[in-house]
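Me: Please take me through the labels on this structure. I want the cut-off behind each one.

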Amino acid sequence: MTENAITVHQTARPHGFPTTEDFAFVESTVPDPAIGTALVENLYWSVDPYHREMMDDVPGGFALHTPLEGRTLGRVVASRTPELAEGEIVFHRQGWRTHSVVRPEEARRITHFDGVPLTAHLSILGGTGLTAYVALTRIARLREGDDLFVSAAAGGVGTATGRFARLLGAGRLVGSAGSPAKIDYLTREVGYDAAFDYHDGPAAALLAQAAPDGIDVFVDNVGGEQLAAAVGALREFGRIVRIGTISRYNTPDAPPPHVDYSDIVEKSLRMEGFLVSNHRDLQDELYEFAVPHLQSGRLTPDQTVVDGFEHIVDAFLGMLRGANTGKIIVRHRA
């Protein structure tokens, strides 16, 4: 175990895209666990789009000059509670720090599945995968043969959505992403039938070319112009699942797109958003669905791994700019 602990603090509210100047690495001695708690040395960290929303001065957002939070996997190295044994690997949300002191109710023991990498618990078996699973099975109520469009399809949730949808019997899968390399990855590796680079023109025209017969479900991580395009492409009784609005996280003053709201009425469309935190009771169901496919090789986690906690801010900023394919994870460097 290292002698010092390092935490990452947010030091300023960003205007537009965050920069490294908005963060500080703060060093201290490794904390001692109090009675009823355990000390966890963190091994893997998740950086997620929702962190950008939390950086603003919003209810429930990050406080300045205090350690940030985030999804993390770590090993219990000292315990003063029988509920968390030393040596156990646990999931908790006190991330963006090398060491965390947690109570038993703040940590969850990780179930080890043969042939499944530990990092899957931060990607396809973690909040990322659970988001995709809930989107398809509970919000979209996916039916066999449904044709899907997924925005930000090369990200963590987008790749998981594509892979899950294929296993659940979806029809045509169409995705959007931000580079030719990502378009190639989606169609070659993930199982999308078609994909387009949203930089190449108006979203409505690109979607019409990729899905000329329309779509049944839109899984939306982006909002903006792509949401407006999907409303036009949806068939009768189509469903829109709203997960995120990354197109506006760093450009809140951008003019909203023109959505033809009459389409929502005339085609009997349904649009519903959700927070994955309200569906944690489905974690075991996700395991039952995904783990056998991971073990058989039919399902593969899509991950970009960055080595070294000292690079966690760079990894976060890179994710916001689309530098990753799949879920981005920061790994402890021994």
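Reply: Here are the labels, each set against its definition. The model is predicted: local features need pLDDT of at least 70, side-chain atom pairs count only at pLDDT 80 or more, and totals for chains, interfaces and linings use all residues. Residues are numbered from 1 along each chain as its sequence is written, and side-chain values use heavy atoms, with hydrogens and water left out.

Me: Why is Ile243 called partly exposed?

Reply: Its relative accessibility is 24%. Buried means under 20%, exposed over 50%, and partly exposed lies in between (1.4 Å probe, protein chains only). Therefore Ile243 counts as partly exposed.

Me: What makes the place of Ile243 a loop?

Reply: Ile243 sits between strand 12 (234–242) and helix 7 (246–249). Helices (H or I, at least four residues) and strands (E, at least two) are DSSP runs, numbered from the N terminus.

Me: Which residues does Ile243 touch, not counting residues up to four places away in sequence?

Reply: Thr131, Ala135, Val157, Val219, Asp220, Asn221 and Phe274. Contact means heavy atoms within 4.5 Å.

Me: What makes helix 6 mostly covered?

Reply: Eight of the 10 residues in helix 6 (224–233) are buried. Among them are Gly224, Leu227 and Val231.

Me: What makes a set of residues a nonpolar core?

Reply: The members are buried Ala, Val, Leu, Ile, Met, Phe, Trp, Tyr and Cys residues, joined through side-chain atoms within 4.5 Å. The largest core has 42 residues; Ile124, Leu125, Leu148, Phe164 and Leu186 touch the most other members. Helix 2 gives the most to this core, with seven residues. A second, separate core of 21 residues includes Phe196, Ala229, Leu234 and Leu269.
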